[in-house]
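Here is a short briefing on a ligand site and its protein. The model comes first, then the points by topic.

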Amino acid sequence: MLSRQVAEKLTKLETPFYLYDVALLRQTLESAMSMASKYGYKVHYAIKANYDPRLLQIIREYGLGIDCASGNEVRCAIEAGFDPKSIVYAGVGKRDKEIRYAIEQNIYAINCESIEELHLVDELAREAGRVVDVALRVNPDIDPKTNHCIDTGQADSKFGISYEEILSSVEDIKSLRNIEVVGMHIHIGSQIRELHVFENMCNKANVIVENLTKLGFELEFVDVGGGLGINYDMPENEPIPNFASVFAITKQHLKVGEREVHFEFGRSLVGQCGELITRVLFNKTTATGRRLAIVDASMTELIRPALYGSYHNIENITSEESQRLKYTIVGTACESTDVFDENVSLPITKRGDLLTIKSAGAYGMSMASRYNQHDLPGAVYSDEL
Ligand SMILES: Cc1ncc(COP(=O)(O)O)c(C=O)c1O
């Protein structure tokens, strides 16, 4: 873990901040891309996971495309130098101006999530005098066996179009002259650690692609989304996620002929390279006997524990005490749910000690807010220390 190795240098910096291990990011990208190329798979980075410009610059060097969830994400990707033709844009509620912008920028595909959206894209493409490539984001009805807050492909989810609705709208979709359906997209959820779920996903995708083809859609690509999970419990044991297995499972089970296969990884690419470094402000004990360590970060820097009950491993990187105690780590925000974790075993922790909240590279900074007028956290990169 990087923070422990450079703890001395970190003590001099203003906290809280994200610390990025650039070498680990490079190794992770190298691993994902070399294995993807073995099978001819294309990899997009789900930019929502982290917009940090330095990370984007490195990600671009490795030849990834970008998966976006808003017009501003498309803009961010283009401003970071990504080729619009490597950008896909999904999102259940795209505004007219966002769709207009995506059309104007001539991105690779707009992944549509309702029949009404297909109509709107068609109308706005006609206005622009264009025929626009789109993918159908289909809801495959799969349980991804993850935290229910981050599953996206079950039948009742807001994401994607149900196969039944596509079936009943085939002629309607085909009548739209200013869109061309060139892809099928599914994304079933995030932080998937049970890899057999990807096998189920491939089997479902095969059926959907076969049926859409029979219905007369000429699909050029199949985008199977992201979702590969990372080891939050013991990040040191698995700094680089198991891309090899996901690709091998896909190769074995996804039967979509010559069509291009795309992935959209977020968390698995950047999650382990980021740590949130925070300083202990105060200690106190509640009337019920709970020992609190109050740190200078909060849910405004990392909302995942408060939002989803997500676990992040926390360590004290500066204490030299040998005795360990159990702490509840709470933040500065004026919210009772602003708790990073409970019953954390730490060496005796004092005001001024630095803690690392690990595996915070994905959905950390990108979800940061200015609630309580907090400043946004800074970023420190391993190669600039
Ligand atoms: C459509 C889509 N693709 C890809 C991703 C990235 O998922 P992950 O970070 O789990 O790889 C998400 C995440 O929410 C998503 O909604």
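An oxygen atom of the ligand lies 2.3 Å from an N or O atom in the side chain of serine 190, a polar contact (a pair of N or O atoms within 3.5 Å). The protein covers 91% of the ligand's own 390 Å² of accessible area (Shrake-Rupley method, 1.4 Å probe). The model is predicted: local features need pLDDT of at least 70, side-chain atom pairs count only at pLDDT 80 or more, and totals for chains, interfaces and linings use all residues. Residues are numbered from 1 along each chain as its sequence is written, and side-chain values use heavy atoms, without hydrogens and water.

**Ligand contacts**
- A ligand nitrogen is 2.5 Å from an N or O atom in the side chain of glutamate 264.
- For lysine 48, a side-chain N or O atom is 3.0 Å from a ligand oxygen.

**Ligand shell**
- The ligand has 14 residues around it (a heavy atom within 4 Å).
- Nearest are Lys48, Ser190, Glu264, Arg267 and Tyr363.
- By class, the shell holds three nonpolar, six polar and five charged residues.

**Domains**
- Domain 1 spans 2-17 + 272-384, and domain 2 spans 22-270; the bounds come from an automatic or database domain assignment.
- Their centres, over C-alpha atoms, are 32 Å apart.
- In domain 1, 22 residues contact 26 residues of domain 2 (heavy atoms within 4.5 Å).

Definitions and conventions:
Polar contact = N/O pair within 3.5 Å; in protein donor to acceptor, adjacent residues only side chain to side chain. Nonpolar A, V, L, I, M, F, W, Y, C, P; charged D, E, K, R; others polar.
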